[in-house]
Amino acid sequence: MKTEFRGFFVTGTDTDVGKTVACACLVKATGALYWKPVQSGTDDLPGGDTATVANLTGHHPDDFPAPVFSFKAALSPDQAARLEGKTIEPAQLENRLPSKRPLIVEGAGGLMVPLTDQVMMIDIIKRLGLPVIIIARTGLGTINHTLLSLEALKVRHIPVAGVLFCGPDNPDNINTIKRLGQVPVIGHIPVLSPLGRTSIRHAAETLDLSAWM
């Protein structure tokens with residue numbers, strides 16, 4: 001019997017791995033809210049990833065609660081916060097967690113990205129208690145990065161919903177990660193060109209979330 005679907009925490013094996021596009025597809029596939037609790041780099045991306053996902057899905061503005069912490073510099077959240085004389089308070093992330101509908105929560109960078117001198121993104125993932133979807137590249141280096149991410153989650157007893165790949169097709173790397181990581185593959189999002197609502201909708205239709213919905 002399936003448990004009630006509460007959503008996923010989406011993390012990446014690296015920066016610019018495709019998390020935001022993957023989140024748009026997951027939002028489209030599930031109808032969940034999208035929430036990026038910590039955002040940096042708004043100088044380079046006005047509106048942040050929240051505006052990007054809202055535009056790519058075309059869902060109602062109420063489906064996109066605002067980040068709790070948002071910073072201008074495209075740096076790790078702890079560094080971006082220090083530049084503005086601010087400090088991220090992890091407890092505020094839990095207290096502000098929207099809970100009325102399922103959530104797609106997008107992390108900042110990967111699992112070991114620092115939020116403070118003592119707290120990393122993986123610590124917040126543990127506290128929120130959502131199953132994790134890892135967004136991974138398909139090309140060279142992805143096996144090492146993805147298996148290390150899976151190992152970090154495993155030793156902390158954080159449930160993993162699966163891996164979602166982004167990039168050119170590479171069945172050898174995908175199958176190797178599936179076999180060695182003993183993890184479900186939720187899907188593969190190719191390079192979407194043009195990137196827009198139609199291509200997001202089509203990619204969303206290919207995702208395998210049957211174990212959760």
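**A guided look at buried residues and one gathered site**

Guide: Welcome! This model is predicted, and we can start with D78, which is found in helix 3 (residues 77-83).

Visitor: Why is D78 called buried?

Guide: Its relative accessible area is 10%. Buried means under 20%, so D78 qualifies as buried.

Visitor: Which residues does D78 touch, not counting residues up to four places away in sequence?

Guide: With those set aside, D78 touches P114, L115 and T116. S76, in the loop between strand 4 (69-70) and helix 3, touches V113 and P114 under the same exclusion of residues up to four places away in sequence.

Visitor: What makes the link between the side chains of S76 and D78 a polar contact?

Guide: The value given for the pair is 2.5 Å. A polar contact needs N or O atoms within 3.5 Å, one able to donate a hydrogen and the other to accept it, so the S76 and D78 side chains make a polar contact.

Visitor: Let's turn to the annotations. Which residues does the UniProt annotation "binding site" cover?

Guide: That unreviewed UniProt entry lists D16, V17, G18, K19, T20, V21, D49, E106, G107, A108 and G109.

Visitor: How do you know that they gather at one spot?

Guide: They span 94 residues in sequence, yet no two of their C-alpha atoms are more than 13.8 Å apart, so they gather at one spot. From this set, D16, V17, G18, K19, T20, D49, E106, A108 and G109 are part of the lining of the largest pocket.

Visitor: Which residue does the UniProt annotation "active site" cover?

Guide: The unreviewed entry gives K36, which lies in the loop between strand 2 and strand 3.

Visitor: What makes K36 buried?

Guide: K36 has a relative accessible area of 5%, and buried means under 20%, so K36 counts as buried. Leaving aside neighbours within four places in sequence, K36 is in contact with D49, T50, P67, E106, G107 and A108.

Visitor: D49 has come up again. Which residues of helix 2 (residues 48-57) are buried?

Guide: In helix 2, they are G48, D49, T50, V53, L56 and T57. These buried residues pack against helix 1 (19-30), strand 2 (33-35), strand 3 (38-39), strand 5 (103-106) and helix 8 (197-204). After helix 2 comes G58, with a positive phi near 75 degrees.

Visitor: How do you know that strand 7 (residues 160-166) and strand 8 (residues 185-189) pair?

Guide: They share four bridges in the parallel sense. Pairing asks for at least two bridges, so strand 7 and strand 8 pair. F165 stands opposite H188 in strand 8. From strand 7 the chain crosses through helix 7 (residues 171-181) to strand 8, in a right-handed β-α-β crossover.

Notes: Residues are numbered from 1 along each chain as its sequence is written. This is a predicted model: local features need pLDDT of at least 70, side-chain atom pairs count only at pLDDT 80 or more; totals for chains, interfaces and linings use all residues. Side-chain values use heavy atoms; hydrogens and water are left out. Helices (H or I, at least four residues) and strands (E, at least two) are DSSP runs, numbered from the N terminus. Buried means under 20% relative accessible area, exposed over 50%, partly exposed in between (1.4 Å probe, protein chains only). Contact means heavy atoms within 4.5 Å. UniProt positions are given in the numbering used here, feature names are shortened, and annotations may be inferred rather than shown by experiment. On a 1 Å grid over the protein atoms alone, a cavity is a set of points where a 1.4 Å probe fits but cannot get out, and a pocket is an open set with protein on both sides within 12 Å along at least five of seven lines; lining residues have an atom within 4 Å of a point. A crossover is right-handed if, with the strands pointing away from the viewer, the path from the first strand over the helix to the second runs clockwise.
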